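Let's take a walk through a protein model together. Keep the picture open while you read.

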Amino acid sequence: MTIDRLRFGVFLAPFHALNENPTLMFERDMELAKLLDRLGYDELWVGEHHSGGFETIAAPEIFIAAAAMVTRHIRLGTGVRSLPYTHPFMLADAMVQLDHMTRGRAMFGVGPGALPSDASMMGIDARDSRRMMEEALDVIVPLLEGETVSASTDWFTLDKARLQHASYTRPRMEMAVTAVRSPAGALIAGRLGLGILSLGGHSDDALKAYAKNWEICEETAAAHGRTADRRNFRIAVQMHISETREQARKEIGFG
């Protein structure tokens with residue numbers, strides 16, 4: 001009999017002070033990846049941001065490729081790749097390459113983009129970003145599964161597109177979509193058979209929203225002939241760890 005255990009990982013935005021040296025920030029994040037691997041953490045998710053200056057990684061797949069060379073066991077995910085910012089064929093092709101280079105340790109987390117300032121600099125109306133994410137997913141998933149895809153939208157076109165390599169992980173690498181409070185992410189995850197990355201905090205209201213969203217995901221999956229696997233349901237919460245509870249409260253008191 002197989003018994004599943006609770007898995008632990010880290011969701012690395014990453015956050016850094018604006019006055020830190022960027023070179024050293026990247027190095028520190030890589031050292032953290034090595035430490036998490038040595039401590040037996042199951043997975044590490046790495047974010048994508050392009051403005052603000054405090055969430056410093058612009059291309060999580062580059063970080064993951066480097067981290068895969070200095071770790072042995074930990075799984076490494078894009079947490080998350082903002083789909084409206086890249087042509088979906090190019091992104092699917094890059095992620096298949098990463099799937100091979102990590103021997104299946106890479107995971108593909110996706111979202112519409114968290115920072116309106118990112119979208120603004122690229123001339124994207126943030127109100128369109130969720131629709132664009134869904135359009136991208138509708139072609140990325142079949143591409144990763146080896147299908148030939150044609151599609152036309154107001155921001156990309158595919159003409160009998162097919163990836164040059166089959167995925168290392170069959171039928172495709174593990175994927176997850178972000179969900180905060182609204183059911184939008186759960187609906188997409190259920191329809192396409194993806195996991196959920198819940199990022200809305202850990203208040204009582206947030207926990208109720210997570211439970212409802214997972215219920216929506218299960219119902220939507222069933223309606224589309226899929227099964228939602230609870231092992232692909234992740235919840236990210238903020239933690240500050242110190243020697244004692246009192247010390248931890250003191251350290252987070254300012255700001």
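Predicted model: local features only at pLDDT ≥ 70, side-chain atom pairs only at ≥ 80, totals over all residues.

Is arginine 131 buried, partly exposed or exposed? Arginine 131 counts as partly exposed, at 31% relative accessibility (buried means under 20% relative accessible area, exposed over 50%, and partly exposed in between, using a 1.4 Å probe and protein chains only). Residues are numbered from 1 along each chain as its sequence is written, and side-chain values use heavy atoms, leaving out hydrogens and water.

Arginine 131 has a partner: aspartate 154, with which it forms a salt bridge whose closest N and O atoms are 2.9 Å apart (that is, a side-chain nitrogen of Lys or Arg within 4 Å of a carboxyl oxygen of Asp or Glu). Arginine 131 belongs to helix H5 and aspartate 154 to the loop between strands S5 and S6, so the pair ties together parts 23 residues apart in sequence. Aspartate 154 itself is exposed, at 62%.

Now look at arginine 234 and glutamate 174, another salt-bridged pair. Both residues are buried. Through shared partners, salt bridges join Glu43, Arg75, Glu174 and Arg234 into one network. In total, the structure holds 17 salt bridges.

Notes
Helix = DSSP H or I, 4+ residues; strand = E, 2+ residues; numbered from the N terminus.
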